[in-house]
Amino acid sequence: MAIATIVWIDDEIESLQSQKMFLENKGYEVITFNNGFEGLDYVKENFIDVVLLDESMPGISGLETLSKIKEINQQIPIVLITKNETETLMDEAIGSQISDYLLKPVNPNQVLLSLKKIIDNKRLVAEKTTSSYQQQFRELFMALNDNPDYNAWMDIYKKLVYWELEMEKSDSPEMQEILANQKKEANTEFFKFISKNYAKWMDPKAVNVPIMSHTLFQFKVLPHVEKGIPTFFILIDNLRYDQWKAIQPIFAESFRILEEETFYSILPTATQYSRNAIFSGMLPIDIEKHFPTQWKNDEDEGGKNLYEEEFFRSQIKRLKKDEIKASYTKVLHHNDGQQLVNNIHNLLSNDLNVIVYNFVDMLSHARTEMEVLKELAGDETSYRSVTKSWFEHSALHQALKKIADKNIRLIVATDHGTMRVNNPQKVIGDKQTTTNLRYKHGRNLNYDAKTVLAFKDPREAGLPVPTVNSSFIFAKEDDFLCYPNNYNHFVNYYKNTFQHGGISLEEMIIPVVKMVSK
């Protein structure tokens, strides 16, 4: 069976018989025509893989034939072969979406290389990806077993995400499974690492700790703010590092990426904790102390993220940056997004503009509620794809494009990531116990100690004590915490959904990216 079927249209086809035989010996089926009309008739009626097309032919020219082939089937790859090197012809041909361009006289190997690029590209990329990952597998395995510190963990996670994205090009389910297992093993080890080190990081006197939610502004945002150059700090909630990589090329069209880093979300990896910590520059235990009326625990009535702007302005004041002219914008709904688009130019008069964009949160929570989204975002690949599609058409992207030609700085970050949960763990608690799937706190929690990280005293984790004798527990890997009553319904409803609040690479190691206008 032929590798592929090639149609070659050239008014001097008789002189190309040796080329035809060369390709046939390489396993291609080559059907030849000496004019565009006959070639078009054949293309209409038959399935073909590639057209080799002479540009200069009597009767109907190569470019006319090209446009008619595209009318028949937009997807057919076409290689234009010409003696003419003029720039206008090249522009016209490329504008007509040719797949390749060869100058006469062509030798057989040139044609073969062009066909390989077009037909075998996907297969060759897949094979190369698989063999490269096989080489790196051992290095990753050794890195996991080399007692990594918090910096090494960030590197390991970035490499795993890199290979996950590369593997999308591969058709090898076996290699994808090996990578998935390696990622699972990494999360097992990461849970042990966090269990061992998290309480130490929370000690105010601790040295050599990662940048975390409560120190992000101080170290990664404010040092870049300068009078005369507006800085935009954009927090897209729930944005995992792999989702950032999916939308990165769209940012790169308008902005130059200077630094692409990661930092650690505090626990729980949930909006009311991590985002309030980012804007206040404090751990939750200190927010409660300094803002007792604004801080809300899980079981308290009322919105949990209503005071971010107040926290943010108090942090600027505390860090003696009062001279900064700052704005705060929160986008929760479509209308807020349109307002941002209309208002974005007015923000250029500020030194610092904070924009909180709540889309991904809506997506991941709706994901558990709506069957449509279960279809749209059933796994990591589709979750990234939905994120990319959203951002491309979002008000945020529209707004940024409006100011891309201005001299601005842009810092994009998030509050925490998400984990696709698959493995239910039973927890028993009293009526006051919280309902979160990846973390819980309450007074009489009963659980399997091997499956969670528990803080009997929440203060060790930098957290307020909601009620006397209240403890916090955090789920590991892809576990989710369920109560025994109505257990099966609960398990089926939430299995394979994206949740946050617990301990995983995906939830805790998150992007902070610095850009400038091109």
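Modeller: Happy to! Let's begin with Phe 279, which counts as buried because its relative accessibility is 0%; buried means under 20% relative accessible area, exposed over 50%, and partly exposed in between (1.4 Å probe, protein chains only). Please keep in mind that this is a predicted model, where local features need pLDDT of at least 70 and side-chain atom pairs count only at pLDDT 80 or more, while totals for chains, interfaces and linings use all residues. Residues are numbered from 1 along each chain as its sequence is written, and side-chain values use heavy atoms, with hydrogens and water left out.

Searching the whole structure gives 37 aromatic pairs. Rings of Phe, Tyr and Trp (its six-membered ring) pair if their centres lie within 6.5 Å, with planes under 30 degrees apart counted as stacked, over 60 as edge-to-face and the rest as tilted. Phe 279 and Tyr 328 form an edge-to-face pair, because their planes meet at 80°, with the ring centres 5.6 Å apart. Tyr 328 is buried as well, at a relative accessible area of 15%.

This pair joins distant parts of the chain: Phe 279 belongs to helix 10 (residues 271-280) and Tyr 328 to strand 8 (residues 326-331), 49 residues apart. Helices (H or I, at least four residues) and strands (E, at least two) are DSSP runs, numbered from the N terminus.

Strand 8 leads us on to helix 13. Buried residues of helix 13 pack against strand 8, strand 9 (352-357) and helix 17 (395-403), where contact means heavy atoms within 4.5 Å.

Which residues of helix 13 are buried? In this helix (residues 334-343), they are Asp 336, Gly 337, Leu 340 and Val 341. Viewed down the axis, these buried residues fall within an arc of 145°, so they line one face of helix 13; the arc is that of the directions from the helix axis to the C-beta atoms. On the other side of helix 13, Asn 335, Gln 339 and Asn 342 are exposed.

The charged end of Lys 426 sits over the ring of Tyr 487, 4.6 Å from the ring centre. A charge sits over a ring if NZ of Lys or CZ of Arg is within 6 Å of the ring centre and within 35 degrees of the ring normal.
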